Amino acid sequence: MNPFEYVAPSDLREASSLLGSRWGQTEVLAGGTDLVTSLKQGITKPKRLVSLKNIPELKRIQVKKNTVRIGAMVTLRDLAANATIQEEFPALVTAIDGIGSSQIINAGTVAGDLCQRPRCWYFRNGFGLLAEDNGDSLVRTGDNRYHAIFGNDGRALFVNASSLAPALIALQAEISIVGAAGREREINAGDLFQAPNNGEDREVALRANEIVSEIKLPRENMQNASYEVRHRHGLDWPYATASVALKIRSGIAREASVVLGHVAPTPWPAVAASNLLNGARVDASLAEAVGEAAARGAKPLSGNAYKVQMVKTAVKRALLAAANA
Amino acid sequence: MAKVAWPEKGDRKILGSRIPRQDGPPKVTGTAKYSYDINRPDMLWGKLVTSPNAHAELISVDTSVAAAIPGVKAVWVDEELVGDELRYVGQVIACVAADTEEAAIEGAEKVKLQLKALEHQVADDDVALSSGRPSNKEQGNLDEGFAGADVVVEGEYGIAVITHCCLEPHGQVTEVKDGELHVWPSTQNVSRYANQFGDEIEIPQNKIHVDTQYMGGGFGSKFNIDKWGIIGAKLSQETGRPVKIMLDRKEELMIAGNRPSGFAKIKVGLQKDGLISAVDAEVWGSGGQGAFRAPPIPYVFTKVPNTRLVGKGIRTNRGGVRAWRAPNHPQGALLTMSAVDDAAAALGMDSLEFFMKNAALTDRPEVYREELQIAANIIGYRQKAHARGDSGSGPVKRGLGISMHTWGGRGHPSECDVTINSDGSVEAKIGSQDLGTGTRTCIAMVIAETLGLPYEAVTVHLGRNSYPQSGASGGSTTIGGISVSARRAATDALNDLLKTVAGRLGTTDDKLEASAGRIHQIEKAGGGVSWREACSMLGPNSITKRGINNPGESQQEGLISAGVGGVQIADVSVDVETGIVTMNEMVAVQDCGLIVNMKLAESQVYGALIMGITYALYEESIYDSKTGIMLNPDMEFYRLAGIKDVGDLKVHMMTGKGYDDRGIIGIGEPPAISPGAAISNAVANACGVRVPSLPLTPERVIAALQKGGDIA
């Protein structure tokens, strides 16, 4: 681990001003469950860490009439324990339970979950985010059992590691971001993520001095659920996940959204599946067809075709769980 | 006069009881100090510099930058490696000792290696990669065996390389003081540790002091002093300061232990009554740089009349092989039991019936049949069993699988001193080690039983090479060794005491015995004198006697023996839409002769089941062909089972006639052998297809189902 400066300002604007304009010069410290390991592994070697722990407004959950506003530093434990979240957003509760590690759920934060780095084992072993060796992808020719089956035409082949993102995107959440000079902007949750095509960018579509400050979750009475294909009960990464949000009127699905996780460099909206679902009568055979639609267009690498089957199942089960909710 | 022979069932006061382990409270409260916890005044931290390449020529090592880092006190370099080849990632080249761990890490990173990359080879699953002359072992006439068979089934099976993944990594603290070397190593081999320094350091063995009070797992990987042991001693000599070198997790998983893989093509012939008539096996695999030894196939069924076993080794640029609980047996069990169970399924024969029938082809048919019946009853086999794949229409399929195993486990040579003091206190000294198996507790139990004292009355000192030498803890040899040496020492010491007491009571020692804290006329418990009073008759003296276990003699006397059988049945669920295998229940029925502590014996089996479920479902050492590195040297993708993953575990120990009377036999290895095979058979029974290779990860399950046409 390289020596670094540590600062913990009490103001968001100041925090942003302490961040560098290039990735890697500085890092934002939230729960630290990923960052501290990354520092030890030498994945990142910042000169300064900017902790957000002293900014009180980032730790609040505010339940308003039409939205739930979740501060960036709300812990996963506190989010899962919130009565409104439990009542109205079971897709998020399932996603948090699925993390499996009490330590990470207790210490990890909502924005930290969104901004954590990929688990790609080439990246973690020091070959860089794109894992290339003289321009050749180590992932394509190597062991890609845990890599992307969608969105893998470019140079990024890792999968996005966020547990919450698929559900937040399906639920049409918006994300507030604070940047230089306190400038604020708001984006759709899905727009937070990108598949980088060069060695400079990261997998989040932020500037290096921007900070996620809040997540706004609309209270639209959406039925919702997540399903994660996981092997172990304890800390483990899912092989594939699906989150589904929809309204059902007289048995017919409306405003449906299906989003996949751990299958692409970004959370992956399954557009064809959502389209098939909208306007259709929700039953077991539709769930099967929606699962098939979600898996269509997958381009497995040499060692991860099995994930296609998992996508079908995850979508089917998430949809049936949402419909029964 | 006390006799050495073990007491009969009705006369046992402590042996066989369920006394909790002595090391439990200190471990739970953190007062137990492992080697990793030893911190000496003014201690340096040593960090290894290892090969980043799987295969390369080491041209030069430049330590100048590292040596100039503040806090770095010494850099050791293996000069013999310079100009030579490096053969695997993680191979130890140098070591940096510094005031702080951080400085040592920084120093190790700054040692410059000039390397010339060479071709490497890390794959171990393709028989085409094998080299050298194959081994060949034949019995009977294979052609006749298959000609006489009614069903012939051929299949391919495999079991991946796993590592020992000790929770306490390998390493030690060394300190040289007044010309003497003190070492606190994490070792399974206290008595035979000092001699391994050989000529590497100029300190005679009588000035080397080894101390291991608690250690965090070895499983066969911690018999040796290892290169880092020698480096530590040399750096301590050079700097005059204590040095701690403990491997980090990455190193631990790469270089501190490999269980070899085993892949095989196996042809099995069955008669129509289900009896195995022929087994033809070609097996290949590797565990790194060492020689390949073909696992035994057919395993357990040693009396199959016609067999052939061809072994082909694959050399890989990966860390070396080390013994892992029952070396080669888990591989032999998985490969054999999968193949014969596939043959039974092809014949349409129920697995339990099949194993009952073929017990006739083993060395201990009665034991296996009795154990199969008990295991079947505990798990409810007859209520739950179904033909392979006949497991209902839902996506979650349930199935049962059986495996059987064997192991030797005869006690090793061991010496133990037992002292009875005139105040009545009793202590034992023995150069054995407690790996977490409960060795301390068992020694105290044997001595207390012998002296007719409560268990708490005995203090056991172990883990130092200044104590009488006792064997390495490997191969399930410890319990037999330490129990006999402790028993003999305690018996001799007691008989000395009885002589003294007899003189004072005006009787003869042959008329006295010790029980319930008193020394009294035989069969007159409650009379005589108290233990304390008896010991006070020693005046200023104490009694110390040495007990020796000579395995051959002790076996003849019936104190110990070798050769056990065990049966395991697994009950699993397979989600055929996701490939996820879940453990419902696992039953282990095991014999190990006379049981010293029932609770600890069962604990050994529980631990083995958990370790076995781990290698059956999750665990695998994954290497990247192009870069030659291990991709999962961490606890994230080197997956181990957690407590929620293992299902309901049930252990039944065989006791009574035919078991107790065999004397004491070891238990560490046998129960770790069958889990992979039993679970693989259960998965095949559940989902109708064989998933050929362990671990049974969802990707392998889905691939097998897709190949079998069960899912699109």
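Domain bounds come from an automatic or database domain assignment. For chain B, that assignment gives domain 1 (9-32 + 410-556), domain 2 (35-119 + 170-246) and domain 3 (262-409 + 562-707). Before going on, a word about what you're looking at: this is a predicted model, where local features need pLDDT of at least 70, side-chain atom pairs count only at pLDDT 80 or more, and totals for chains, interfaces and linings use all residues. Residues are numbered from 1 along each chain as its sequence is written, chains are lettered from A and ligands numbered from 1 in the order in which they are written, and side-chain values use heavy atoms, with hydrogens and water left out.

Let's start inside chain B, with domains 2 and 3. The centres of domain 2 of chain B and domain 3 of chain B, taken over C-alpha atoms, are 38 Å apart. Domain 2 of chain B puts 14 residues into the contact and domain 3 of chain B puts in 11 residues, where contact means heavy atoms within 4.5 Å. Together these two domains bury about 950 Å², with 55% of it on carbon and sulfur atoms. Buried area here is the accessible area (1.4 Å probe) that two parts lose on being put together, summed over both.

What about charges? Side chains of opposite charge can pair when their charged atoms come close. The rule for a salt bridge is a side-chain nitrogen of Lys or Arg within 4 Å of a carboxyl oxygen of Asp or Glu, and it finds one salt bridge across the interface of domain 2 of chain B and domain 3 of chain B. Asp226(B) and Arg322(B) form a salt bridge, with their closest N and O atoms 2.7 Å apart.

Now zoom out to the two chains. Chain A gives 29 residues to the contact and chain B gives 35 residues. Between them, chain A and chain B bury about 2,900 Å², 53% of it on carbon and sulfur atoms. On the chain A side, His231(A), Arg232(A) and Gln309(A) lose the most area to chain B, together 23% of what that side buries.

How many salt bridges join chain A and chain B? The count is eight. Glu577(B) and Lys316(A) meet in a salt bridge through their side chains (2.8 Å, N to O). There are also 15 residue pairs in polar contact between chain A and chain B, both residues at pLDDT 80 or more. A polar contact is a pair of N or O atoms within 3.5 Å; within protein, one must be able to donate a hydrogen and the other to accept it, and residues adjacent in sequence count only if both atoms are side-chain atoms.

(Buried means under 20% relative accessible area, exposed over 50%, partly exposed in between, using a 1.4 Å probe and protein chains only.) You'll find Asn258(B) in the loop between helix H6 (249-255) and strand E13 (262-270) of chain B. Helices (H or I, at least four residues) and strands (E, at least two) are DSSP runs, numbered from the N terminus. The side chain of Asn258(B) reaches the backbone oxygen of Gly319(B) at 2.6 Å. Leaving out residues up to four places away in sequence, Asn258(B) touches several others, including Val161(B), His164(B) and Arg322(B).

Compare Lys312(B), which sits in strand E15 (residues 306-313) of chain B and is partly exposed, with a relative accessible area of 23%. Lys312(B) and Asn136(B) are 176 residues apart in sequence, but 9.2 Å apart in space, C-alpha to C-alpha.

In chain A, the side chains of Asp153(A) and Lys299(A) meet in one (3.3 Å, N to O). Asp153(A) lies in the loop between H9 and helix H10 (165-170) of chain A, and Lys299(A) in the loop between helix H12 (284-295) and H13 of chain A, so the pair ties together parts that are 146 residues apart in sequence. Asp153(A) counts as exposed at 61% relative accessibility, while Lys299(A) counts as partly exposed at 46%.

In chain B, Arg388(B) pairs with Asp342(B) in a salt bridge, the closest N and O atoms being 2.8 Å apart. Lastly, Lys384(B), Arg398(B), Asp571(B), Glu585(B), Asp648(B) and Lys650(B) are linked in a network of salt bridges.
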